[in-house]
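Here is a short tour of a protein model, written to be read with the structure open beside you.

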Amino acid sequence: MTENTEQKYAHKIPHYYGDVVRRLFMFAGIIILVALPVFENFLPIPTLFSIFIIILLIVFAAMTNPLLRIVNRINVGSGIAGLALFEYFAVMSFRAGDLDLAAVHQVLAFVFFFALYLSMKTFRAMVTGQIDASAVAKTAQLPLNEEEDNESLMKRLLKDDPGRF
């Protein structure tokens with residue numbers, strides 16, 4: 001599937017929310033990128049690890065695709081981890097009296113809350129067969145071969161790279 005096709009039709013696939021999750025991850029990465037130099041104790045981990053989190057969010061956002069279940073699983077895991085960690089940091093910052101930092105952490109917890117919810121909805125649709133290669137191909141108005149099963153169609157749409165899904 002070409003990038004242009006994905007951008008044009010992915011938002012029309014029923015029960016697929018990857019485009020929104022992509023934007024939420026990018027938004028979270030931008031918030032972390034801006035907050036990192038402003039707050040000395042933004043995250044209780046070394047700065048290099050915080051930068052690595054930003055990079056991972058960008059990678060997961062860029063890889064989000066209606067055909068790649070593994071990426072959606074990673075998005076669900078990222079949503080869980082982000083929500084748990086940033087809500088914990090929000091509570092700890094609030095208790096320490098740093099209300100500005102607590103507010104930033106709380107906004108990030110909200111972002112990951114919605115990313116988790118939408119990733120889980122997409123994952124549920126993938127598991128129940130509501131989102132598969134044929135649904136993506138039909139939505140994108142790509143030619144379908146009646147004898148082609150879902151796996152071979154997915155390989156064709158992903159340019160015959162079976163390691164990607």
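## A buried asparagine and its neighbour

In which helix is the place of Asn 72? Asn 72 sits in helix 4; helices here are DSSP runs of H or I with at least four residues, strands are runs of E with at least two, and both are numbered from the N terminus. Before going further, please note that this is a predicted model, in which local features need pLDDT of at least 70 and side-chain atom pairs count only at pLDDT 80 or more, while totals for chains, interfaces and linings use all residues. Residues are numbered from 1 along each chain as its sequence is written, and side-chain values use heavy atoms, with hydrogens and water left out.

Asn 72 counts as buried because its relative accessibility is 4% (buried means under 20% relative accessible area, exposed over 50%, and partly exposed in between, with a 1.4 Å probe and protein chains only). Not counting residues up to four places away in sequence, Asn 72 touches Ser 119, Thr 122, Phe 123 and Met 126; contact means heavy atoms within 4.5 Å. Val 76 also lies in helix 4, which spans residues 69-95, and is buried at 10% relative accessibility. Leaving aside neighbours within four places in sequence, Val 76 is in contact with Leu 116, Ser 119, Met 120 and Phe 123. Val 76 and Tyr 117 are 41 residues apart in sequence, yet their C-alpha atoms are 8.2 Å apart in space.

## The nonpolar cores

How many residues does the largest nonpolar core have? The largest nonpolar core has 25 residues, and those with the most contacts inside it are Phe 25, Ile 32, Phe 42, Phe 86, Val 104, Leu 108 and Phe 112. Helix 2 (18-38), helix 3 (47-63), helix 4 and helix 5 (99-127) each supply at least two residues of this core. Apart from it lies another core, of five residues, including Ile 13, Ala 125, Met 126 and Ile 131. A nonpolar core is a set of buried Ala, Val, Leu, Ile, Met, Phe, Trp, Tyr and Cys residues joined through side-chain atoms within 4.5 Å.

Leu 108 is in contact with Ala 28, Ile 31, Ile 32, Phe 42 and Phe 86, leaving aside neighbours within four places in sequence. Ile 32 is also touched by Ser 50, a residue of helix 3.

The structure holds one salt bridge, defined as a side-chain nitrogen of Lys or Arg within 4 Å of a carboxyl oxygen of Asp or Glu. The side chains of Arg 22 and Asp 19 meet in it at 2.7 Å, N to O. Because they are three residues apart in helix 2, Arg 22 and Asp 19 are separated by about one helical turn. Asp 19 counts as buried, at 11% relative accessibility.

## A loop residue

Asn 41 is found in the loop between helix 2 and helix 3. With a relative accessible area of 48%, Asn 41 is partly exposed. Leaving aside neighbours within four places in sequence, Asn 41 is in contact with Asp 98 and Leu 101. Asn 41 and Leu 101 are 60 residues apart in sequence and 8.6 Å apart in space, C-alpha to C-alpha.
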